[in-house]
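Could you walk me through this structure, and show me how to read its features as we go? I am new to it and would like to take it step by step.

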Amino acid sequence: MTSRESILAAVKTNQPGRVKLPDIDVFETKVKGSLEKFAGVLTNVGGRVAYVSDYAEIVRIILAQYGNEARIVSPVKELRELSHENLEDLTSIHDLSNVEVAVLNAHFGVAENGAVWITENEMRHRVLPFVTQHLAVVINAAAIVPTMHQAYEWISKTTYGFGTFIAGPSKTADIEQSLVIGAHGPRSMTVFVMNTNS
Amino acid sequence: MTEQTTKDHAELAQEFNRDEDRVNWHDETLWWIREKRDKSAHQIPEWEALREAASQIKNNVLSNLHDYLVQFERNAAANGIVVHWAADAEEHNRIVYQLVSEAKVNRMVKSKSMLTEECGLNEYLAKQGIEVIDSDLGERIVQLAEEPPSHIVLPCIHKKKEEIGEIFHQHLGIEAGISDPQFLTETARQHLREVFLTRKAALTGVNFAVAETGEFVVCTNEGNADMGAHLADVHIASMGIEKLIPERKHLGVFLRLLTRSATGQPITTYSSHFKKPREGKKIHIIIVDNGRTVQLGRKDFRNSLKCIRCAACMNTCPVYRRSGGHSYHTAIAGPIGSILAPNLDMKKYADLPFASTLCGSCSNVCPVKIDIHEQLYKWRQVLVKAGYAPTAKKAGMQVMTWTLSSPGLYHMAGKVGRLVIKYAPFAVNNKLNPWYTQRDMPEPPEWSFSEWYKQNRQP
């Protein structure tokens with residue numbers, strides 16, 4: 001008998017009588033996600049929020065902050081002005097190790113925890129939002145869900161090979177519980193909230 | 001790095017208690033985290049409903065685990081993930097070694113996985129000539145100090161920053177005498193970045209594995225699991241069979257509970273969903289039993305398998321906070337560890353269910369409603385019946401039975417006790433009385449209740 005067979009057989013013998021799944025639709029809500037809450041929570045966990053009306057404004061803000069010398073990459077086609085690098089042309093993902101700023105689109109934000117959902121499609125390379133020194137993300141002002149329940153409802157309509165919720169810059173409090181921003185991943189995270197109606 | 005020790009919880013706690021200031025710091029810091037958990041939970045009006053839902057989902061998982069495992073395996077394989085099964089720690093370690101060897105590398109980077117601690121993976125691989133570097137900051141610190149983690153979420157909570165500075169001075173070449181957490185973290189960042197960029201094999205743990213979709217989720221604040229996995233050619237993910245959840249939408253319930261219970265954060269910085277390998281790269285999942293199917297068969301203890309490893313029970317436990325994680329001499333310390341460990345080895349861990357006041361605080365904060373303190377109580381009975389209770393405890397219990405069954409003896413014992421503490425305190429305030437170590441004896445009352453009753457109430 002293989003380990004697979006013996007484990008499955010033991011599970012079958014020892015598992016208790018069938019218990020029903022609970023109804024978790026009770027956590028559904030008609031309330032829309034609050035942008036104000038999203039911004040408040042994200043700021044609390046060390047993230048920054050900037051309200052913009054178009055991509056040109058993002059370009060201006062990024063360049064003002066990081067200058068022309070910094071290695072900025074972005075797969076967002078409206079941000080070509082920021083970066084002439086084609087991320088498809090990398091010979092190795094390890095070439096991303098000295099990226100200073102990465103700007104990515106995200107699907108939506110979650111009001112209750114300040115997280116944004118990004119998948120491999122928007123990253124081009126999975127390691128990009130982690131290896132970059134600074135991360136910037138663009139979301140639509142209307143794309144805010146109240147809680148994780150609605151987040152997974154949104155996600156259920158999409159496909160991905162890899163996807164992640166990111167809530168703020170990377171951090172640690174492993175040394176005497178002192179919070180330090182910039183553990184292994186980005187030292188900062190900015191979410192550009194784009195209001196397309198204005 | 002599981003410490004081999006023959007000392008029991010009380011003896012190890014005594015060692016931890018030598019430094020009173022440190023114990024107080026440890027106690028207060030963990031309580032502060034418990035308070036952050038409360039604050040965070042109280043902001044969610046449906047918190048109790050979420051706990052109940054999580055508990056029921058996990059009950060369903062345990063009752064249907066066979067089918068969920070098969071479903072997960074099928075869907076993960078369809079996604080291009082290679083699934084392996086390991087009956088015990090030894091087989092798990094052997095599979096990891098085989099995968100690393102096939103990748104033709106002798107160095108691997110690892111993010112936090114309590115399962116690999118349970119399996120003693122690092123020591124095993126070291127013997128095979130494979131170097132493993134732990135990438136979670138706290139885990140890297142204890143790894144350099146050649147100690148096991150003392151807490152499942154905060155691995156080096158027992159260390160002071162000055163000690164960490166000294167460890168980094170010895171191993172990472174910084175100047176002596178540095179203790180600034182910002183500086184020390186930056187040092188580790190530079191050191192580990194080089195590691196991430198040069199390792200071709202990475203191992204991570206698994207927080208949740210979804211039967212419906214064949215994907216698995218890994219949560220970190222530091223981003224170390226992602227840095228390791230996305231830069232490596234081979235990603236190995238180790239999980240216990242109990243990590244399964246039925247559907248992806250159930251992640252909504254668990255991710256809302258996990259970090260709020262653990263540290264009071266609304267969510268970890270990163271909650272990464274691995275569904276398919278990167279183009280041309282490999283993801284392997286090792287599904288590990290190592291005693292879990294036995295626990296599943298123990299009616300009174302199977303609920304311990306619902307655990308999502310948030311450590312809320314440790315942070316709240318009055319015994320854990322004052323005895324330190326190492327006193328539990330097992331990979332998972334604290335109340336939950338004390339009901340998991342005896343399943344693996346009753347003799348070795350017979351002391352752990354007794355390392356509790358049964359106050360029930362652990363059960364009250366548990367996000368999946370495990371009846372932890374009740375299981376601790378039940379383990380005591382199982383262990384005593386099986387003959388694993390410590391001799392002193394057995395003798396003491398016999399004296400108690402004898403005293404409590406005779407009213408005359410009971411009254412006399414009470415009187416003698418009060419007189420001794422009052423007139424001859426040296427008879428109990430000495431090293432022969434283990435209770436006196438790190439504790440003050442109470443003031444003796446003037447009289448017993450029955451003496452008072454005789455004088456005041458009896459006609």
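This is a predicted model: local features need pLDDT of at least 70, side-chain atom pairs count only at pLDDT 80 or more; totals for chains, interfaces and linings use all residues.

Q: How many helices and strands does chain A have?

A: Helices (H or I, at least four residues) and strands (E, at least two) are DSSP runs, numbered from the N terminus. By that reading chain A has six helices and eleven strands. Its C-alpha atoms fill a box of roughly 65 × 45 × 40 Å along the principal axes.

Q: How do I read burial, and what share of chain A counts as buried?

A: Count the other C-beta atoms, placed from the backbone, within 10 Å of a residue's own: 20 or more is buried, 12 or fewer is exposed, and in between is partly exposed. Of the 198 residues of chain A, 47% count as buried. For a contrast, look at A:Lys32 in the loop between α1 and α2 of chain A. A:Lys32 counts as exposed because it has 12 C-beta neighbours inside 10 Å.

Q: Which residues of helix α2 of chain A are buried, and what covers them?

A: In α2(A), residues 35–44, the buried ones are A:Phe38, A:Ala39, A:Val41 and A:Leu42.

Q: Why is strand β5 of chain A said to be largely enclosed?

A: Five of the five residues of β5(A), residues 115–119, are buried, so the rest of the structure largely encloses this strand. On one side sit A:Ala115, A:Trp117 and A:Thr119, and on the other A:Val116 and A:Ile118, all of them buried.

Q: Which strands pair with β5(A)?

A: Two strands pair if DSSP finds at least two bridges between them. β4(A) is joined to β5(A) by three bridges, and the two run antiparallel; here A:Phe108 has A:Trp117 as its bridge partner. Four residues lie between these strands in their hairpin, where A:Gly114 takes a positive phi near 70 degrees. β5(A) also pairs with β8(A) in the antiparallel sense, over four bridges, with A:Val116 opposite A:Ile166.

Q: Which strand of chain B is joined to β8(A)?

A: Strand β9 of chain B, residues 270–274, runs antiparallel to β8(A), and five bridges join them. A:Ile166 turns up again here, with B:Tyr270 as its bridge partner in β9(B).

Q: How many residues do the two chains bring into contact?

A: Two residues are in contact if their C-beta atoms, placed from the backbone, lie within 7 Å. On that basis 61 residues of chain A are in contact with 69 residues of chain B. On the chain A side, α1(A) gives the most, with nine residues. That side divides into 29 nonpolar, 23 polar and nine charged residues. In these classes, Ala, Val, Leu, Ile, Met, Phe, Trp, Tyr, Cys and Pro count as nonpolar, Asp, Glu, Lys and Arg as charged, and the others, Gly among them, as polar.

Q: At what angle does α1(A) pack with helix α4 of chain B?

A: Axes are lines fitted to C-alpha atoms, for helices over the stretch in contact, and angles run from 0 to 180 degrees between N-to-C directions. α1(A) and α4(B), residues 65–78, pack at about 150 degrees with their axes 8 Å apart. They are therefore roughly antiparallel; angles under 35 degrees count as roughly parallel, over 145 as roughly antiparallel, 65 to 115 as roughly perpendicular and the rest as oblique. A:Leu8, A:Val11 and A:Lys12 of α1(A) make the contact with B:Leu65, B:His66, B:Leu69 and B:Val70 of α4(B).

Definitions and conventions: Residues are numbered from 1 along each chain as its sequence is written. Chains are lettered from A and ligands numbered from 1 in the order in which they are written.
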